[in-house]
Amino acid sequence: MSIQIKQISKQFGDFQALKPLDLTINEGELVGLLGPSGSGKTTLLRIIAGLETADQGQILFSGKDVTNLHVRDRKVGFVFQHYALFRHMTVAENVAFGLDVLPKKQRPTKATIKQQVAELLDKVQLSHLASRYPAQLSGGQKQRIALARALAMQPRVLLLDEPFGALDAKVRKELRRWLRNLHDELGFTSVFVTHDQEEALEVSDRVVVMSQGQIEQEATPQDLYQQPASRFVYDFLGGVNVFEGEVSSLKSNRLEQGKAWVAFPDGYKAEAGQLYLRSHELSLSNQPSATAHLPLKIKAVSLIGAEVRVELEPLGWHSQDLWEVVISHSHYNHWQPQRGDTCFAQPQAGQLFTSNENQALAISWTKEQLLIKTA
Amino acid sequence: MTPASLLPKNLISKSFKVTGRQVLPGFALSLGISLFFISLVLLLPLSGLLVQTAGMSWADYWAVVTDSRVMASYQVTLLMALGASLLNGVVGLLLAWVLVRYTFPGKRLIDALVDLPFALPTAVAGITLATLFSAQGWYGQGLAKLGIQVAYTPLGILIAMLFTSLPFVVRNVQPVMEDLNSGDEEAALSLGAKDWTVFRRVIFPALWPALVMGVVLSFIRSLGEFGAVIFIAGNMPYLSEVTSLMIFVRLQEFDYAAASAIASVILMASLVLLFAVNIWQTRYLKRLKGSQ
C-alpha cells in the first residue's frame, strides 16, 4: 500500500509542529523519518496512523483518501517506543487482542486465533514466552511482542515510533536487522521514526530528514551520506569537524583563523565560511603540509573497532567542538600517538558552507578537482 | 538507646532489611520511634479492648454479640455499607475519570470538595443530611411526593455512609488513572478496538486493584460510621440501628464489657477485610509490575 501525504500541516497552540509538506511513500518501501526531537517526525507518523489529525492537507492510502478515517479503521500496524503492551494480559493474549476485538462476523474461531498467535510468536521467535506477563520480559522481547501484536492484523502499513529507542545498543542492532528481514519477507510498507542517524542509514530504503516541521532532504542512505543537501543535514549526520575561517586578502587562497590555515586547491577561490571535514576525510601527521596548517593537541585515543579514533583540541585557533579523526590501526602502530602530543591535520575532502546557507562547495585536495553542487 | 540497638547484631542484619547503602543515617532511630508511636496510638488501645472482653466467658461473649437486636444491627450495617460502597465505586470512578480526563472551569474546586467528607465533622454532616432529607427538607419534600422516605430509615443510613466514604474511591483511583499510559489506549485503538472495548479490556483492568481497594476502604469506613449515621437513621431497634450505635447504647448502660465485645466484632471484620484486600492487591500488582 502506498502512502501519499499532501500539504499536511499541524499546529499545537503556538507551536507549528508541521509546516505544509508533501511526501510519497511507495508500496513495499521502508522509509526512515530522521530528525532531532521537536522536528515533527513523530507528529507526522501519528498523523499517518490517524492518532493525530492534521489541521490541513490530505492523506491517501493507495490513492484512497483516508484523511478523516478513524485510527481503528485505517488498519495500520503501530509500534510504540515504550511498547504499550497490555500489562494485565499474557503475551499470547496481547498478540491475540486485535483478532479478539474484531466484530463477531469477521472474528476467527478461538482455535484459529490460537493457531495464528502461535504462528506469530514463532515468527518473532518467542513461542516459549506465550504464557508470561509483559513485566517478566526484557525490553527487546517486549518490542518483538509489540510487533507480533501489530502484525496479527496483517496490516499493509506498519508504522514504528522510535521502536528501538529504549533498548541498549546491542539489542538495538539485532532488532534492526531483524526488522529489515521481516520487512523484506512480508513486504508491507513501513515508516519508522528515529533520531539515530546510524539506524536510519542502516535500515531504510529511503531516509527523510526533518527539521522544524519541514523536510530537509529525502534521499537513499548513500545519496544522503555522500551529498547532504544542507548544513543541517551535514551537522545532523554527525562525525564532522568544522573549521571556520576568513580570507585575509584578495590575493590569498587560504581560509585562515588564528595560527591555522587551509590552502584551497587550484581553480578554487577561497571564501569566508565554514569548512566541514568528516573524521575519515582527514589524515594526521607530525609535520604541517604545504596545503594545510592545522595544529592540534591529542586529547584522547580510543582503539574501538576497525579504526582508531583520535580526539583533538585546536592549538592556537578555535573550534566549537573537539575534533575527531579516524586513523587505521597500522597507521596507529607505526605512529604511536600519545595523549598530549601535537600533530597536524591534512584534509583530503570537505565541503565549504559560506554565508549562503543552501550552497555547499565540495572540495577535494588529493585529486585537486573541483565540484560545485547546488542543493 | 533505640529498640534496634538492643537487639543482637546478627539478628538485625538478618531480619531488618536495609536495602543498599542508605544516604541518610538513623534507620534504627526512625524505626524505633515509628514502632513506639504505632504501639502507643494503635496497638495499645486495641489490646485494651481485647483485655476488656477477656474478662467475659465465651458463653457471655457469644450471648452479647449474637443478641437479636445486635444481630439486626449487623444486618442493617452490612447491607447499607455494602450498598454505599458499591455506589461509591461507581460514582467515585466516574468522578475520578472526569477529574483526570477533562479540563473544565471549577475543576480544582470540585477536586478540593471531594475531600470535604474527610474534613467535615461527621456530626455536622449527619445533622445537615437529616435536615435535608426530613419531610420538610429540600430533598425530603420532593422525595416524599414520590413516596420515598429517606430520613429515619435504613436508606438514610446508606446516604450518610455514601457521604462520609466517597473520598476513598476517588483518592485511590485518581493517581492510578493519572499514571495510565496513553500509549496503551492508542495501541488498542490502532488494533481496531471500539471505545467501550478499550475501556473494558485495557483501562478498567489497570484501575481494578485501586478501585477494589477504594471500595473496600469505603466499606470498612462505613461499617464503623457513627456520627453521620445516628442523626439521620432514626435508630429504631431492629430496623435502623447500626452496630456502632449498639456499642454506644451498651456504654450508656455502663456495660463496658458488652460494648467492647461488640466493638471487637467490628474490629475483627475490618482487620480481616483489610488484610485480605491487601494480600490480593499485592499479588495482582506483582503480576502487572513484575516481582521487584
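In the predicted model, the side chains of E52(A) and R46(A) are joined by a salt bridge with an N to O distance of 2.9 Å, a salt bridge being a side-chain nitrogen of Lys or Arg within 4 Å of a carboxyl oxygen of Asp or Glu. R46(A) has a relative accessible area of 15% and is therefore buried, where buried denotes under 20% relative accessible area, exposed over 50%, and partly exposed the range in between (1.4 Å probe, protein chains only). A second salt bridge links R46(A) to E186(B), with the closest N and O atoms 2.6 Å apart. This pair crosses between chains, running from helix α11 (residues 182-190) of chain B, which holds E186(B), to helix α1 (residues 41-49) of chain A, which holds R46(A). Helices (H or I, at least four residues) and strands (E, at least two) are DSSP runs, numbered from the N terminus. Both E186(B) and R46(A) are buried.

The model is a predicted one, in which local features need pLDDT of at least 70 and side-chain atom pairs count only at pLDDT 80 or more, whereas totals for chains, interfaces and linings use all residues. Residues are numbered from 1 along each chain as its sequence is written, chains are lettered from A and ligands numbered from 1 in the order in which they are written, and side-chain values use heavy atoms, with hydrogens and water left out.

The contact between the two chains takes 23 residues from chain A and 21 residues from chain B, contact meaning heavy atoms within 4.5 Å. About 2,100 Å² is buried between chain A and chain B, and carbon and sulfur atoms give 61% of this area; buried area is the accessible area (1.4 Å probe) that two parts lose on being put together, summed over both. Of the area that chain A buries against chain B, 32% is supplied by R72(A), R87(A) and H88(A), more than by any other three residues. The interface of chain A and chain B contains three salt bridges. One of these pairs R72(A) with D195(B) through their side chains, at an N to O distance of 2.6 Å. Over all chains, the structure holds 22 salt bridges.

Within chain A, a salt bridge connects the side chains of R176(A) and E198(A) (3.9 Å, N to O). R176(A) lies in helix α6 (residues 169-186) and E198(A) in helix α7 (residues 197-203) of chain A, so the pair ties together parts that are 22 residues apart in sequence. R176(A) counts as buried because its relative accessibility is 4%, whereas E198(A), at 44% relative accessibility, counts as partly exposed. Salt bridges with shared partners join R176(A), D196(A), E198(A), E199(A) and E202(A) into one network.

Chain A has ten helices and 23 strands, and its C-alpha trace spans about 80 × 45 × 35 Å along the principal axes. Of its 375 residues, 50% count as buried. Among contacts in chain A between residues at least 6 apart in sequence, 63% join residues at least 24 apart. Chain A exposes about 17,600 Å², with 46% of this area supplied by carbon and sulfur atoms; accessible areas come from the Shrake-Rupley method with a 1.4 Å probe, and for residues only the protein chains shown count as cover. The mean positions of the 40 positive and 41 negative charges of chain A are 7 Å apart. Lys and Arg count as positive and Asp and Glu as negative, while His and the chain ends are not counted; the place of a charge is taken as NZ of Lys, CZ of Arg, CG of Asp or CD of Glu.

Chain B has 15 helices and zero strands. Its C-alpha atoms fill a box of roughly 60 × 60 × 30 Å along the principal axes, and 41% of its 292 residues are buried. In chain B, 75% of the contacts between residues at least 6 apart in sequence join residues at least 24 apart. The chain exposes about 16,700 Å², of which carbon and sulfur atoms supply 70%. Chain B carries 19 positive and 14 negative side chains, and the centres of the two sets lie 11 Å apart.

V66(A) is located in the loop between β5 (64-65) and α2 (71-74) of chain A. With a relative accessible area of 2%, V66(A) is buried. Residues up to four places away in sequence aside, V66(A) touches I59(A), F61(A) and R74(A). The C-alpha atoms of V66(A) and L312(A), which are 246 residues apart along the chain, are separated by 53 Å.
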